[in-house]
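I opened the model today and kept short notes as I went. Each entry is one thing I looked up.

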Amino acid sequence: MSHSPRNRTVVSCTLLVAALGASATACGSDGHPLSAKPYDAAEQISFGGSVDDGKKADPDKPLEVTSEDSDGRITDVTAVDATGRYVAGELSADGSRWHSTSPLAAGARYTVRVSTEDEDGAPGRETIAFDTSRPTTKKRLNVTFGPKAGTYGVGQPVTAELSQPVREKAQRAIVERALKVDSTPAVEGAWHWVDDKELHYRPKEYWPAKATVQVRSNLPGIKVADRLWGGTAKPLKFTTGDRVVAVTDASSHEMTVYKNDEVINTIPVTTGKPGFETRNGVKVVLGKEYFVRMRGTSIGIAEGSAESYDLPVYYATRVTWSGEYVHAAPWSVGSQGSANVSHGCTGMSTGNAEWFFDNVREGDVVKVVNSYGDTMETFGNGFGDWNLNWQKWQTGSALTNGTTAGQTTVQTARLRPTSA
C-alpha cells in the first residue's frame, strides 16, 4: 500500500496556506485528512470466525480482523470484555491483518474497536460487540488465595491453591498471567510454582510496612487446557503492619528484635542442642497459641527414652508446621543466654515469651543464624520462601526460563545477626 497520495495532499495544502496567507480554514477539517471526522469503516474490514455473522464466537479460536481495502490499512485494534480484561494481539507490518495472541474468555461479551486509514490517510472507525459461547466441559480451575483478609507481617507470602493440577509450562503461564497481585506502595514480585496445584507470590524484598496488597484472578472463562477452563476465585485484600524482624544468634544465645529497623528488645535464649539443632534461615510466624502440650513423640522421640518429654508450654509462637516454636521455657532459664539445651525450639523466660507473643503477628519474620542445624525448608514446613535468593525464586515462574518448582537452598555460612 502506498502512502504517497497522503503525503502529496499534506504538502500541497501546506504550500497553499503559505502562499495565500490564509487561515487553517483553507485546509482545515474539510481539507486535512488527519482532522477529518472518522468515516465508517465497516465495508473495509472483516472479522474472522463467527464474530461477523451474529453468532456466538468460539473462544477456542483466535479473534481475527482483516482489511478488505487494498489501498487502506488497519492502524489499531482494541478488544476488551465486560470485566475490563484486554485481549493481547498482533498487527501485521502492512496493516492488513490483526489477530489475538491471548485466549478469549468463554461466556463473555467483547467490544472491539478498529481504527483504519485509507490511501489518503483519512481515519476510519468501526466498533462491534459479540459474545463468546460457553465451554461444553464443566471442568473448572478454581483458585483459593491466602492468607485470609487481615493485617500481617512483612514476610507473609501470598498463596494460590488450584482445584486442578496444572503441569505443562504453557498452561502454567496462562494461569500465572491471570493471577494479579497489586501493592501500595508498588514493589517488584513474582509467582513461584510450589507444585502442580500451589503457587506462592512474594516481593523481591519483604513487603513494605503499612502496605496494602490486593490479589485477584482474571481466569474465569479462560481456556487453560483441553477440557479445563478458568473458574472462580474470591479476591483477597490484606495489609501489612510494622516491619518486625526477630534475629536469633544460636552461637551467642541471644535474640534481637527489630521494629522498623530499630532495636526494641534483646532477649537471652536457648536453641537446639546437638542432635536437635534449630533450623537456620528465615521463617515466618504461622500463628500464636497461648498453651500447647509438647511431647517428644511428636518429633520422633521414643516415649520413656532419655530425651523423652511431656511439658505444658505457654506463649508459644509457631514458626514451622513440624513443631518449632518460640516459647516460654522456665525450666531452662539457667541456660538461656549461655547454652543451647532445647529440642529445636527457641526458649526464653516466661516474661520474655509473653512480651514476644504480644509484639509479633502472623507474617512477621523470625531468622536464625549461626546454628549448626539445616536450613529451613523452602516449602512444606511453613514459609521458608525467603531462603531462596531472588534469582532462584524467579526460576519457579512459568514466565521465565529455567526449572519450575521444588527449589531448595543450601546451608549458608555462619553469620552475624542483622535486621534483614
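**Entry 1: Ala329.** I began with one residue in this predicted model. Is Ala329 buried or exposed? I found a relative accessibility of 2% for Ala329, so Ala329 counts as buried. The cut-off I used for buried is under 20%. Next I looked up where Ala329 sits, and its place is in the loop between β25 and β26.

Which residues does Ala329 contact, leaving aside its neighbours within four places in sequence? I noted Gln336, Gly347 and Met348. I also checked Leu311, which is 18 residues from Ala329 along the chain. The C-alpha atoms of Ala329 and Leu311 are separated by 9.7 Å.

Entry 2: I then followed β25, residues 325-328, to its partners. How does β24 pair with β25? Strand β24, residues 310-318, pairs with β25 in the antiparallel sense over 2 bridges. In this pair I saw Arg318 opposite Tyr325.

On to strand β26, residues 346-348. This strand runs parallel to β25, and 3 bridges join the two. Here Val326 stands opposite Thr346.

**Entry 3: the largest pocket.** I looked up its volume and got about 690 Å³. Which residues of the lining are closest to the centre? Of the 34 lining residues, I listed Ile299, Tyr309, His343, Gly344 and Cys345. Then I asked which elements give two or more residues to the lining, and they are β23 (287-295), β24 and β25. The largest share comes from β23, with 4 residues. I sorted the lining residues by kind and got 12 nonpolar, 14 polar and 8 charged.

**Entry 4: the cores.** The largest nonpolar core has 59 residues. Which of its residues touch the most other members? They are Val112, Phe130, Val175, Leu179, Trp191 and Leu219. I also found a second, separate core of 17 residues, with Val244, Tyr315, Ala328 and Met348 among them.

I went back to Val112 and left out residues up to four places away in sequence. Its contacts include Phe47, Leu63, Val77, Ile128 and Phe130.

**Entry 5: helix α2.** Helix α2 covers residues 169-178. Its buried residues are Arg172, Ala173, Val175, Glu176 and Ala178. What covers them? I noted several strands, including β9 (140-146), β11 (158-162), β12 (179-184) and β13 (189-195).

**Entry 6: an open sheet.** I traced a sheet of 4 strands in the order β10-β18-β15-β12, with mixed pairing. Why is one side of β10 and of β12 left without a neighbour in the sheet? Both stand at the edges, each with a single partner strand, so one side of each has no neighbour there. I checked β12 against β15 and found antiparallel pairing over 6 bridges. In this pair Leu179 stands opposite Ser217.

**Entry 7: the whole chain.** I ended with the totals. The protein chain has 4 helices and 27 strands. Of its 420 residues, 47% are buried. I also looked at contacts between residues at least 6 apart in sequence, and 66% of these join residues at least 24 apart.

Note on methods
Residues numbered from 1 in each chain as written. Predicted model: local features only at pLDDT ≥ 70, side-chain atom pairs only at ≥ 80, totals over all residues. Heavy atoms only, no water. Buried < 20%, exposed > 50% of the residue type's maximum accessible area, 1.4 Å probe, protein only. Contact = heavy atoms within 4.5 Å. Core = buried A, V, L, I, M, F, W, Y, C linked by side-chain atoms within 4.5 Å. Pairing = 2+ DSSP bridges. 1 Å grid on protein atoms, 1.4 Å probe; cavity = no way out; pocket = protein on both sides within 12 Å on 5 of 7 lines; lining within 4 Å. Points joined across faces, edges and corners; volume = space filled by probe spheres on them. Nonpolar A, V, L, I, M, F, W, Y, C, P; charged D, E, K, R; others polar.
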